[in-house]
Amino acid sequence: MAIQHELSWSASRAGTFVACPRKYYLDYYGSWLGWQQGGDPARRQAWLLKKMTRMPMLAGQIVHEAIEAWFIAKREGRPQPSRQEFLDTAVGALREHYQVSKQGKWRRRPAKMCHLAEHHYQEERIDEASGAAATYGTRYKERIIASLESFLDMPELAPVREADPSTWLACEDMTTFDFEGTKVFAVPDFAYRAEDGSVHIWDWKTGSPRKADEFQLQVYAGYARDKWGADPDKVIGFDVYLTTREVVRVEPGAAGLDGAFVRISESLAEMKSLHFNADFEDGDPQAFPLIEPGFECSSCNYRELCDRV
Ligand code: SF4
């Protein structure tokens with residue numbers, strides 16, 4: 001059965017809605033069905049731009065995949081990679097993705113293969129002749145290595161590394177729960193039930209702390225209550241900033257959860273007021289205005305559609 005366009009909610013979608021309405025439109029409406037060869041060229045163009053990534057996001061994705069693979073090997077009883085193998089595999093993935101993007105190989109499978117916005121827009125930071133590309137690449141190679149070493153070494157993560165697979169509740173699983181009839185997406189990086197019955201949810205971060213991080217953990221606490229029957233007063237979230245080795249502990253409790261649900265409800269109401277079915281219409285892009293040129297535009301995938309190149 002063909003996938004149908006519907007309104008759903010996630011913390012990142014809500015963040016985009018607030019950051020730039022036009023980007024929100026292009027992400028969730030203007031690029032819809034763009035994966036179909038021979039379809040509407042405007043939707044195809046928006047979809048190809050949407051599928052691009054950037055080096056900071058690529059580095060974060062590689063760190064998440066490396067940690068997930070580490071957990072899967074443990075769950076399946078396979079030997080863990082040595083420290084060097086763990087790091088080398090991740091750095092090798094960064095190099096491979098970079099080359100796939102640079103050489104245009106992504107065109108074979110745009111949905112699956114890496115296309116960097118830095119290459120698409122020929123940004124100065126990936127200029128090879130000046131040496132900028134080497135400096136830029138090294139920054140993310142070092143970020144990956146520092147993040148994975150933190151995962152292996154941080155004493156605060158010992159309970160995570162040592163948790164028995166029989167206690168695990170989630171490991172990078174894309175999941176949803178229902179909220180007021182709308183699907184809410186939650187992707188907890190890792191969760192387990194501790195000996196005292198509390199649920200511990202962990203989120204790996206490779207960038208700097210953001211205000212939205214705590215809210216995301218509150219949403220995961222809602223998911224924990226819905227899916228695992230967790231008592232909200234016994235859910236503890238941890239944002240782990242791997243590059244700086246900081247851990248921020250969040251205990252939303254019942255009151256925090258209620259507050260998060262109010263925020264989701266308000267956010268959904270705003271999204272619903274602009275929602276239309278992109279299976280059948282293009283909607284009015286003007287209802288989703290561009291923001292003023294600035295930092296948000298400077299790294300946005302859709303620059304060429306907004307004359308912000
Ligand atoms: S380029 Fe700027 S205005 Fe256009 S979608 Fe991106 S953030 Fe919004």
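Mentor: We'll take the domains, then the ligand. This is a predicted model: local features need pLDDT of at least 70, side-chain atom pairs count only at pLDDT 80 or more, and totals for chains, interfaces and linings use all residues. Residues are numbered from 1 along each chain as its sequence is written, and side-chain values use heavy atoms, with hydrogens and water left out.

Trainee: How is the protein chain divided?

Mentor: Domain 1 is 21-155 + 292-305, and domain 2 is 158-273. The bounds come from an automatic or database domain assignment.

Trainee: What area is buried between domain 1 and domain 2?

Mentor: About 1,900 Å², with 64% from carbon and sulfur atoms. That is accessible area (1.4 Å probe) lost by two parts on being put together, summed over both. His-64, Phe-71 and Met-154 supply 33% of what domain 1 buries against domain 2, more than any other three residues.

Trainee: How many salt bridges between domain 1 and domain 2?

Mentor: The count is 1 (Lys or Arg side-chain nitrogen within 4 Å of an Asp or Glu carboxyl oxygen).

Trainee: New topic. Which residues are around the ligand?

Mentor: Among them are Cys-20, Cys-297, Cys-300 and Cys-306. Near means a heavy atom within 4 Å.
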